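Colleague: I'd like to learn how to read helix packing and domain contacts in a model. Can you walk me through it?

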Amino acid sequence: MISSDILERRERQFGPNAPLFYDRPLHMVRGSECWMWDADGNRYLDCYNNVPHVGHCHPHVVDALCKQASTLNIHTRYLNEVVLQYAERLTGLLPSPQLDRAMFVCTGTEANELALRIARHASGNRGVLVSDFSYHGNSSGFAELTTGLPHPEPMADFVRSLKIPDPYRWEGSEDEMVAHHLALVDDAIESLTEAGFGVATVIFDTIFSTEGLLDVPPAYVQGVAQRVRDAGGLFIADEVQPGFGRMGDAMWGFESTGVTPDLVTMGKPMGNGHPVGAVVTSSALADAFTGDALYFNTFGGNPVSAAAGNAVLDVIEREDLVHHSATVGQYLQERLKDVASKFNCAGDVRGRGLFAAVELVGDGKQPEARLAKAVINEMRNRQILISKIGPADNVLKIRPPLCLGTEEVDLLADALSSTIGTLAQ
Ligand SMILES: Cc1ncc(COP(=O)(O)O)c(C=O)c1O
């Protein structure tokens, strides 16, 4: 039983609007691999958290953090081997030799802010294209171009939001879908140009996760990148969600789109819970920007963060987690499709690697948000943690630490099957 005392204290400190997961909130006290334990000693299978990317409290990462914290922690205005090694390893993981510069920050928001500044500096334009249900950060700058979460700030006049192709709902051919949506991009670029903003950048989370993990055709992303570049702008790939092997088939989400970004932004999984973020770009773009802006980040790139980042890369390599994400992810898709085949309300199963979505619908593909909420709460009662996303809040979101195994996939799929079976009567 969660004590009412901790809920009251939390509300006194953080207020009634500080978000909490589940109708019956959880008080977690410990984690290991893809498991967490609450204050009463109950064990939960974590199929939601992508920050403990290589597993909760991975001993190699904890050890590296402790060792560096007890040796030296400073900012980047001194020479330091640990951060240098990390930058070399990170840029070495990008598939293009042009993406050869790493700039360290502390969060995904900061990475996107920095990438936006670089794009505006390089293009001389202000206009930004985003998808029509996206989230890239919580700063004042990014609040003005957030289309996927509620916020009091009005949309900035230099932003145009793009309707993203949704193959599950589109009724014509893929070619028609892509052509239709690219015509909307042409309109958005024309509107930014006419308004005098021009186009500085498009920023996409390349697996369109906030959008509901849509199966967007690569031809669409390529068409957007081409149009933005023709207008003088740059392409930012936000890898905060798909990066570091989650997609199974590659280290980065953008690799499946056929577009090499000008700027790649990273965050959540980098430090396995320690706050680490980065922008990776070309030396030409980075040098042009830092030639005009004395860019400095007090905590970004400190040796403790870099040690955590290096340790996460060690684990990804040693435990072959990209391949593991592909094989277990394939099994996850099979099991989820098997569950979905039993229930009309499970309209679509999507995803790649260890990121999966199940869209819950009624007649005529009507979004079933109430059912999605009931399912995640009942799954929580069964000690399996998932969440939901999408514009209609009806898409189950399954995004576990990469160490999830096939036995855990079975626990998840069996619980989901019996939960939907009970609730969808
Ligand atoms: C796609 C994407 N970009 C950026 C961010 C912002 O990252 P942070 O919360 O580390 O600032 C998030 C956070 O949820 C995200 O999902």
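This is a predicted model: local features need pLDDT of at least 70, side-chain atom pairs count only at pLDDT 80 or more; totals for chains, interfaces and linings use all residues.

Colleague: Which domains does the assignment give for the protein chain?

Modeller: It gives domain 1, made of 4–54 + 320–423, and domain 2, covering 59–318. Their C-alpha centres lie 25 Å apart. On the contact itself, domain 1 puts in 33 residues and domain 2 puts in 34 residues.

Colleague: How do I read the area buried between domain 1 and domain 2?

Modeller: The general idea is that an interface's size is often quoted as the accessible area lost when the parts come together. Here, about 2,700 Å² is buried between domain 1 and domain 2, and carbon and sulfur atoms give 56% of that.

Colleague: And which residues in domain 1 lose the most area to domain 2?

Modeller: Those are His53, Val322 and Arg352, which together account for 24% of what the domain 1 side buries.

Colleague: OK, on to helices. What describes two packed helices?

Modeller: You use the angle between their axes and the distance between the axes. Take H10 (residues 321–340) and H12 (residues 406–423): their axes come within 10 Å and cross at roughly 20 degrees. That makes H10 roughly parallel to H12, since angles under 35 degrees count that way. The crossing of H10 past H12 is right-handed.

Colleague: Which residues make that contact between H10 and H12?

Modeller: From H10 you have Val328, Tyr331, Leu332, Arg335, Leu336 and Val339, and among those from H12 are Val409, Asp410, Leu412 and Leu416. Sorted by class, the contact of H10 with H12 has nine nonpolar, two polar and three charged residues.

Colleague: At what angle does H11 pack against H12?

Modeller: H11 (residues 369–381) and H12 pack at about 130 degrees, with their axes 10 Å apart. That makes H11 oblique to H12. H11, too, passes H12 in a right-handed crossing. Leu371, Ala374, Val375, Glu378 and Met379 of H11 touch a set of H12 residues including Leu412, Leu416 and Ile420. The contact of H11 with H12 splits into nine nonpolar, one polar and one charged residue.

Colleague: How do the axes of H4 and H8 cross?

Modeller: The axes of H4 (residues 108–123) and H8 (residues 283–292) come within 9 Å and cross at roughly 90 degrees. H4 and H8 are therefore roughly perpendicular to each other. Leu114, Arg117, Ile118, His121 and Ala122 in H4 meet Leu285, Ala288, Phe289 and Asp292 in H8. By class, the contact of H4 with H8 comes to six nonpolar, one polar and two charged residues.

Technical notes: Residues are numbered from 1 along each chain as its sequence is written. Side-chain values use heavy atoms; hydrogens and water are left out. Axes are lines fitted to C-alpha atoms, for helices over the stretch in contact, and angles run from 0 to 180 degrees between N-to-C directions. Helices (H or I, at least four residues) and strands (E, at least two) are DSSP runs, numbered from the N terminus. Angles under 35 degrees count as roughly parallel, over 145 as roughly antiparallel, 65 to 115 as roughly perpendicular and the rest as oblique. A crossing is left-handed if the near helix is turned anticlockwise from the far one by less than a right angle, and right-handed if clockwise. Contact means heavy atoms within 4.5 Å. Ala, Val, Leu, Ile, Met, Phe, Trp, Tyr, Cys and Pro count as nonpolar, Asp, Glu, Lys and Arg as charged, and the others, Gly among them, as polar. Domain bounds come from an automatic or database domain assignment. Buried area is the accessible area (1.4 Å probe) that two parts lose on being put together, summed over both.
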